[in-house]
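Welcome, and please open your viewer.

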Amino acid sequence: TDRYAVIGNPVAHSLSPDIHAAFAAQTSQAMQYDRLPAEPDAFAATARAFFEAGGRGLNVTVPFKLDAADFADRLSDRAHAAGAVNTLIAHEAGRIEGDNTDGAGLLRDLQQNRGLPLVGRRLLILGAGGAAQGVIGPLLAAEPASLIIANRTPDKAVAMAARFATQGPVRGIGFPGLARIEPVHLLVNATSAGLAGALPELPPNLLAADATAYDMVYGAASDAFQDWARRQGAAATCDGLGMLVEQAAESFHRWRGLRPDTAPVLRQLRAGAG
Ligand code: ATR
């Protein structure tokens, strides 16, 4: 039985073990998937011990996605572009590849699952931390008319936009600047505000008539953002559970060479949460 795990801190409430167990059952893969907690300063030691004991792959969650990029022997192109790793893959001779499936997961949930067009649309992402960094490259690859990164600390948004400037029409601003932008078709919340029960301070009239508001966090942490978006007239709002399942499917594909069917797994999780 090949062993996998999700490494993070905290990791006790991670849904990844349930998702991968469902994928494994669906595709008849003999694999075990555990939770692997690590102390904040012990990512590399914990990951190394896991792989030395024969582990085949890790998912990496908060706060270790940058540590995982340092840890990997080599990075996929998309992990290199994101500067962050959410998936580690053991290859021959103990070489560890770092990949990042977060952006692909978001794009798949938006485009395949929700049929949302991004080409020529105006996109706005809130936040300029690790969560935002992982998805900006893939969002720009979808050829939007514009992508604005807005952050509470404006300098971080400006710096992040500069990093991706060669990849598309992206710029960074602070929240006060939001009062002066054209209404957007897609608003993505990549801040961690909801995890603390908070909501970024946003001006009215941010959303175009047919706008979708997408939160990268899921469950109750997403309620305040989605309530705000509905009050602002969003045509659709959703949390990040679909992205979570899709990034997991992309990781699973990297490890096992098979694409699981995500729809029944997402339905099962929504039923469990409700
Ligand atoms: P993550 O990996 O989840 O992105 P992070 O790198 O710590 O975590 O980044 C958290 C993001 O949420 C940042 O963009 C942060 O804004 P600052 O850069 O100004 O700190 C944003 N954030 C957290 N709490 C927030 C709040 N209450 N209002 C607005 N933005 C918030």
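The radius of gyration is taken here over C-alpha atoms, and the globule rule is 2.2 Å times the number of residues to the power 0.38. This is a predicted model, in which local features need pLDDT of at least 70 and side-chain atom pairs count only at pLDDT 80 or more, while totals for chains, interfaces and linings use all residues. Residues are numbered from 1 along each chain as its sequence is written.

**Stop 1: the whole chain**

Select the protein chain. For its 274 residues, the rule puts a compact globule near 19 Å, and the chain's radius of gyration of 18 Å agrees with that. Along the principal axes, its C-alpha atoms fill a box of roughly 55 × 40 × 30 Å. Colour by secondary structure to find ten helices and twelve strands; these are DSSP runs numbered from the N terminus, with helices (H or I) of at least four residues and strands (E) of at least two.

A residue is buried if 20 or more other C-beta atoms, placed from the backbone, lie within 10 Å of its own, exposed if 12 or fewer, and partly exposed in between. Of the 274 residues, 47% count as buried.

**Stop 2: two annotated spans**

Select residues 6-88, which an unreviewed UniProt entry annotates as "domain: Shikimate dehydrogenase substrate binding N-terminal". This span is 42% helix and 22% strand, with its end C-alpha atoms 10 Å apart.

Now select residues 118-191, listed by UniProt (unreviewed entry) as "domain: Quinate/shikimate 5-dehydrogenase/glutamyl-tRNA reductase". Here the chain is 30% helix and 30% strand, and the end C-alpha atoms lie 21 Å apart. Such annotations may be inferred rather than shown by experiment.

**Stop 3: helix α7**

Which residues of helix α7 are buried? Select residues 154-163 and pick out A157, M160 and A161. Looking down the axis of α7, these fall within an arc of 100°, so they line one face of the helix; the arc is that of the directions from the helix axis to the C-beta atoms. Turn to the other side of α7 to see D155 and A162, which are exposed.

Next, show what covers the buried residues: α6 (130-141), β8 (146-151) and β9 (170-174) are included. A contact means C-beta atoms, placed from the backbone, within 7 Å.

**Stop 4: around the ligand**

Finally, select the ligand and its 16 surrounding residues, the closest being G129, G130, R152, T153 and T191. A residue counts as near if its C-beta atom, placed from the backbone, lies within 6 Å. Which helix gives the most to this shell? That is α6, with three residues.

Definitions and conventions: Contact = placed C-beta atoms within 7 Å.
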